[in-house]
Amino acid sequence: MRCRWMHAGWLRSLGMACVLLFLVSVQADEVVADEVVQAPTGTPIRFGILPIGSAAESREQWRPLLEDLEHRLGHPVTAVSVSSYAGLSGAIGEQRVDMAFLSGRLAIEAVEHQHMSVVAQFERDDGAKGNVAMLIVRANSPIRSVKDLLAKPGHWRYARGETLSVTGYVAPEAEVFAPNGLNSDTFFASVRVGNHQNNALAVSNGEVDVATCNNPDLDLFRRNFPTEASQLRVIWHSTLIPSGVLVVRDGMPEPQRRQLIEFMQNYGRAAGAAGERERANLARIPNLAGFAPADNAVLRPFIDMEYRLMREQAEHGRWVNDQAKKTRMGQIDTAYQADLKQLLRE
């Protein structure tokens, strides 16, 4: 049976078939779970979707793939879509998610503390092994470079992602601000937090002077808002950041867990018309071409980036004495080794 994805907040009875549809309105951190109409029997599979743009937009991008998943496995599938990274992390922590699409920091949290494991990594449609974080300004901005940006502390208005966002917060902080002894939350005249799409729109509308972004979200912004996108300019790119991953709940029963992983890893790889249709479904999700088999080890670059950021922040911090700084550095090193051990556990 195919999932139907509806957007109404009322309940109706249809003839002799009793169909139940729930739609929970998206609030700041609330989960939206689209229940299955005339669902197959069996244990539901709850799929968590990292918000790209709005929760509704992200849910619609994934809908055809999840419909195929439901049909193939014979289990009802519900989409758990949220309006924030924190909302998705909370749903995973409360064990309301069986499989999820996550980026670095969320994935680390899920693996280390929420009983999930990495089973696949996104393959980009351009063949790249990951994404880059960006800082964007208006095309006519006096900010021509990072040097111009950093030359005027307390002057510019900034829009960034949540602290759980690698491209929206961690990478710019680790590669631009912390190495210069700065913290973006205190460097700028004002700071607003939002998703990449809203932040890019804020730059083009002149509401902020600079914002974080990444290449997939900037490509999506160009498709959705071509006029506004033409008014933007990139002043900084990060080093390559590994693509997002799929994680699966450790306690998920077999053979459902194995079947779910096999479906995702093989999706879009078939020949003929079936494969073409699946690849078209993948193309609805920005820059996605498929899912490559992977394990927790692919998260190592994110652990390393976090470690560098914390070391830089400690190095440039204000300490009552040298011993306090040395103690803090030791704590960071110890936590880093513990994180690696936990991440790479077998």
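Modeller: Asn287 sits in the loop between helix H11 (272-283) and strand E14 (288-293); helices (H or I, at least four residues) and strands (E, at least two) are DSSP runs, numbered from the N terminus. It's a predicted model, so local features need pLDDT of at least 70 and side-chain atom pairs count only at pLDDT 80 or more, while totals for chains, interfaces and linings use all residues. Residues are numbered from 1 along each chain as its sequence is written, and side-chain values use heavy atoms, with hydrogens and water left out.

Biologist: Okay, what's the phi of Asn287?

Modeller: Positive, about 70°, although Asn287 is not a glycine.

Biologist: And is Asn287 buried or exposed?

Modeller: Buried, because its relative accessible area is 12% (buried means under 20%, exposed over 50%, partly exposed in between, with a 1.4 Å probe and protein chains only).

Biologist: Where's the cis peptide bond around Pro255?

Modeller: From Glu254 to Pro255, with omega near 0°. Pro255 lies in the loop between strand E13 (245-249) and helix H10 (256-266).

Biologist: Switching to helices: how do H2 and H3 cross?

Modeller: The axes of H2 (residues 85-93) and H3 (residues 104-113) come within 11 Å and cross at roughly 15°. Axes are lines fitted to C-alpha atoms, for helices over the stretch in contact, and angles run from 0 to 180 degrees between N-to-C directions. That makes H2 roughly parallel to H3 (under 35 degrees; over 145 is roughly antiparallel, 65 to 115 roughly perpendicular, the rest oblique).

Biologist: Which residues make the contact?

Modeller: Tyr85, Leu88, Ser89 and Ile92 from H2, with Leu106, Glu109 and Ala110 from H3; contact means heavy atoms within 4.5 Å.

Biologist: And the sheet, what's the strand order?

Modeller: E9-E8-E10-E7-E11, an open sheet of five strands with mixed pairing (two strands pair if DSSP finds at least two bridges between them). Strands E9 (190-193) and E11 (232-237) are the edges, each pairing on one side only.

Biologist: How do E7 and E11 pair?

Modeller: Antiparallel, over five bridges, with E7 covering residues 133-138. Ile136 stands opposite Val234 in E11.

Biologist: What does helix H8 touch on the sheet?

Modeller: H8 (residues 215-224) packs on the sheet and touches E7, E10 and E11, its direction making about 100° with that of E10.
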